[in-house]
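Try each task before you read its solution.

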Amino acid sequence: MKSFTKTLFFVLITLSTFSVFSQNTNKKLFNNIDAYLKASETNGFSGVVLVAKQGEVILSKGYGWADRKNKIPNSPATVFNIGSVTKQFTASAILKLVEQGKIKTSDKISSYFTQTPIDKSDITIHQLLTHTSGISNRTGGFRYDEASKEQFLKEFFESELHSKPGTKYQYANANYIMLTVILELVSGQTYNAFLKEHLFEPAHLKSTGYKSFNFNSEKLAHGYYYNRTDEKWADWGTTQQHLPYNNNHWYSIGKGDIHSTIEDLYKWHVALKNNVVLTSKTREIQETPYVAENDKMTSYYGYGWAISKSDKETKIVAHNGSNGLYFADFVRFVDDDVVVIYITNAFLGNESEYVAREIGKMVFNTNYTPTPISKNIYELIHEFMKTNSSKNAEKLPAYLKKELKDEFNDHAILNRLGYSRLKKEKQPGWALALFKLNVKLFPEDGNLWDSLGEAYLKYNQKDKAVKCYTKAVELGSEDSKKTLNKLLKEDE
């Protein structure tokens, strides 16, 4: 009896010690992630993050503003446009129809549409799900323009294929819009109604949907972008203000623009993990790496999810998405039982795409400290211009390297800002300085010499303009020939 008592005491002490160690580890992780995001917040980061490990939510928090004008902060309950993270919901809905015995992934679209042309008659639902249908990523129009279902189908069937169906991976939103057409046709329900009944309600998602919501619009995060011309941040509003109010939303539906919260997306993760909405067999089918997304074969596409491996060779199931303002990333380290969900409503730059992955590194390496997200590069350049004369333009690259912690290597940025300034400056100033700096940084880009020539023309420096256009032509800029010939004829 004494031996049993000692053993029990030892077990209890061991469990208690492990629990304290786990709590301390998780607290350290929370502090590290929070510090990274707060530092990024001072540079303009705005968004929400949820991190869970072995079923315990380590961090669920908002940063920055959901609505700057009305001073409404982001929170775990804030509703965001999740972009192409939508695709795994659409894929799950299709697989629900498969479970119901109403369709098969091997079905050809010609079995649903009599108007299917010969070149597309063998496209299968599997190929739509995996972006191997051959449809071009140019098929379909701008996401917020009106388009009826019939109009989309006409464009889909009349479009030129990018490749033969089943032979090549080509990410194209039209694949998932077509899946939505099939979903509505087979189920007899609207996209939103089907997802609500078969996915959202079983998973207890209260703030997730497409277009129609049952909550106050104040919960919606506004999208923000840096306006290069006005040189300040601008409020784009909410997606609901841009989507068609009628049902002519067939450039948007199914492939993007579902709205959700990090709280709901975590509930969805748990529902998938516990086979609440799909069976374990169906989930395995959905998370199978069917086709390589890149030449290095480091990532594969499943059904609405991208499949890859961590540094530890464990399985990652993820998808991100953006409409150019919002950016969402849903990363599930399924073998490690870790999930990172991240959404922003103010895209600062490329670093904004890597937040979830940086946090993932922090989860598995407590000594890893990522560099905070930098300010938007256009905002940084404008700040430099406000405090420096155009004579100091050559100091700009060093300033950007210091702020961005990386070499400046984008040919287009200074060119865009140069044109914005060219409209405002009647006399040579920052516009000309930016164009001159750009050709110095990237002397082999003929398009940049063309732009500098245009600036010299505006400021009546014809001889210098001719030299620039000549250089542009030498570097292969075909568009510069016409202008150069015109200038040379004037001198004859």
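**Before you start.** This is a predicted model, in which local features need pLDDT of at least 70, side-chain atom pairs count only at pLDDT 80 or more, and totals for chains, interfaces and linings use all residues. Residues are numbered from 1 along each chain as its sequence is written, and side-chain values use heavy atoms, with hydrogens and water left out.

**Exercise 1.** Find the hairpin of β11 and β12 and describe the residue with positive phi in it.

*Solution.* Begin with the strands (DSSP runs of E, at least two residues, numbered from the N terminus). Residues 306-309 form β11 and residues 315-322 form β12; the two pair in the antiparallel sense over four bridges. Pairing here requires at least two bridges found by DSSP. Lysine 309 has lysine 315 of β12 as its bridge partner. Next, look at the five residues between the strands: glutamate 313 takes a positive phi near 70°, and this residue is not a glycine. Finally, check accessibility: glutamate 313 counts as exposed because its relative accessibility is 56% (exposed is over 50%, buried under 20%, partly exposed in between; 1.4 Å probe, protein chains only).

**Exercise 2.** Continue to β13 and identify what stands opposite histidine 319.

*Solution.* Strand β13 covers residues 327-333 and pairs with β12 in the antiparallel sense over seven bridges. Opposite histidine 319 you will find phenylalanine 330 of β13. In the hairpin's four residues between the strands, glycine 324 takes a positive phi near 100°.

**Exercise 3.** Locate glutamine 54 and describe its phi.

*Solution.* Go to the loop between β1 (47-53) and β2 (56-63), where glutamine 54 is found. Glutamine 54 has a positive phi of about 50°, although it is not a glycine.
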